[in-house]
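Here is a short briefing on one protein chain.

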Amino acid sequence: MRTQVSEKKLVLPWLLLGLLLVTVACDQRAKAPETESAFVLPEAATITDFNLAQLEQGRYDMEDARGKWSLLFFGYTHCPDVCPTELFMLAEMMRGINSNTEVEIESPQVVFVSVDPQRDNLKHLQEYVAFYHPGFVGVTGEQSTIDRLCKSMGVFYERVYHRNGKQLILDESEPVPAGLENSYLINHSASIFLLNPAGKLHAIFTSPHDPNTMIRDLAAIQAGWRS
């Protein structure tokens, strides 16, 4: 068991990682100046096959991702800050795309992947995302499936329990202390992941996000794909 005694110990490694991502993204933008904030992978990456579930269609797997551009955001409905902020931003982006008359752009499928299937049932999950935009899709599944998908895409998340005023982050092999089974928050990535119509990871939008910038970047990426 690891006791989180200082916010700096948790935040510092991720600040360093963030600086690394910014450096890489800046280098990528130098090669592809048409994008302003998206880190476009030099070669689209194959991700692990997955079998998740959604409320209306009953399933969400690789076939549902193919044939369209998809933006995947990983979070959970009990999230106090990051998820509401990002989903509101994505809704603003979708409204901007729908009202756009200046650039050619295909509306992406926005998929919210819950990393908390223990508390997020499909009905509640879909109601949650539909509050932000009626076209959003909420999906989740077996924890092991979610973990494999997160690992293949480089998505970070971890449960943080609270006991006696301290934050506890458990190793995978450690049991959850009695009484804390549903008392946790989840630290998770704020990045948004773009899958191309072939179902491959094409680009990553690291935070902070701006809806208008994302629209311009999506248009540029899609134009490059078409060419």
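Strands here are DSSP runs of E with at least two residues, numbered from the N terminus. By that numbering, Ile192 lies in strand E11. The model is predicted.

**Sheet**
- Eight strands make an open, mixed sheet, ordered E2-E12-E11-E5-E6-E7-E3-E4.
- Strands E2 (38–45) and E4 (60–61) are the edges, each pairing on one side only.
- Helix H3 (residues 82–99) packs on this sheet and touches E5 (70–75), E6 and E11 (192–195). The direction of H3 makes about 165° with that of E5.
- E6 (residues 109–114) pairs with E7 (residues 137–140) in the parallel sense, over three bridges.
- Val111 stands opposite Val137 in E7.

**Ile192**
- Ile192 counts as buried because its relative accessibility is 0%, and the cut-off is under 20%.
- Its contacts beyond four places in sequence include Leu71, Phe73, Met89, Leu90, Ile204 and Met214.
- The C-alpha atoms of Ile192 and Ala38 are 9.5 Å apart, across 154 residues of chain.

**Salt bridges**
- The count is eight.
- Asp116 bridges to Arg119 at 2.7 Å, N to O. Asp116 is buried at 0% relative accessibility, and Arg119 is buried at 17%.
- Arg159 also forms a salt bridge with Asp116, with the closest N and O atoms 3.7 Å apart. Arg159 lies in strand E8 (residues 157–163) and Asp116 in the loop between E6 and helix H4 (122–132), so the pair ties together parts 43 residues apart in sequence.
- Shared partners join Arg59, Asp61 and Asp64 into one salt-bridge network.
- Within that network, Asp64 and Arg59 meet at 2.5 Å, N to O. Asp64 is buried at 18%, whereas Arg59 is partly exposed at 39%.

Note on methods: Residues are numbered from 1 along each chain as its sequence is written. This is a predicted model: local features need pLDDT of at least 70, side-chain atom pairs count only at pLDDT 80 or more; totals for chains, interfaces and linings use all residues. Side-chain values use heavy atoms; hydrogens and water are left out. Two strands pair if DSSP finds at least two bridges between them. Helices (H or I, at least four residues) and strands (E, at least two) are DSSP runs, numbered from the N terminus. Contact means heavy atoms within 4.5 Å. Axes are lines fitted to C-alpha atoms, for helices over the stretch in contact, and angles run from 0 to 180 degrees between N-to-C directions. Buried means under 20% relative accessible area, exposed over 50%, partly exposed in between (1.4 Å probe, protein chains only). A salt bridge is a side-chain nitrogen of Lys or Arg within 4 Å of a carboxyl oxygen of Asp or Glu.
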